[in-house]
Amino acid sequence: MTETPAHDNLPLPDFDHIPLGTLPTRITALDQDGISALLSWEREHGNRLPVVQVLEARLGALKNGA
């Protein structure tokens, strides 16, 4: 399990203000650690299902070689 980073240490500083529609393109440059950090933050703070689903899908893609 990834330790939840402080808000100021998130890989995307404005993460909690990114519109859901642009989230997939904003996270494409992040590696597994970056996605995991965002996922951990989201689960502990907003836990918005659509955001969790986007992050989980990207993490799965990265784990499968994307």
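Helices here are DSSP runs of H or I with at least four residues, numbered from the N terminus. This is a predicted model, in which local features need pLDDT of at least 70 and side-chain atom pairs count only at pLDDT 80 or more, whereas totals for chains, interfaces and linings use all residues. Residues are numbered from 1 along each chain as its sequence is written, and side-chain values use heavy atoms, with hydrogens and water left out.

Next, show the side chains of Val51, Val52, Leu55, Arg58, Leu59 and Leu62, which are buried in α3. Seen down the axis of α3, its buried residues fall within an arc of 135 degrees, taken from the directions from the helix axis to the C-beta atoms, so they line one face of the helix.

Now centre on Arg58, in helix α3 (residues 49-63). Arg58 is buried yet has no salt bridge, the nearest side chain of opposite charge, Asp31, being 9.4 Å away; a salt bridge would need a side-chain nitrogen of Lys or Arg within 4 Å of a carboxyl oxygen of Asp or Glu. Leaving aside neighbours within four places in sequence, Arg58 is in contact (heavy atoms within 4.5 Å) with Ile27, Thr28, Leu30, Ile35 and Ala66.

Finally, move on to Gly65, which follows α3 and has a positive phi, near 100 degrees.

Key. Helix = DSSP H or I, 4+ residues; strand = E, 2+ residues; numbered from the N terminus. Buried < 20%, exposed > 50% of the residue type's maximum accessible area, 1.4 Å probe, protein only. Lys, Arg positive; Asp, Glu negative; His and termini not counted.
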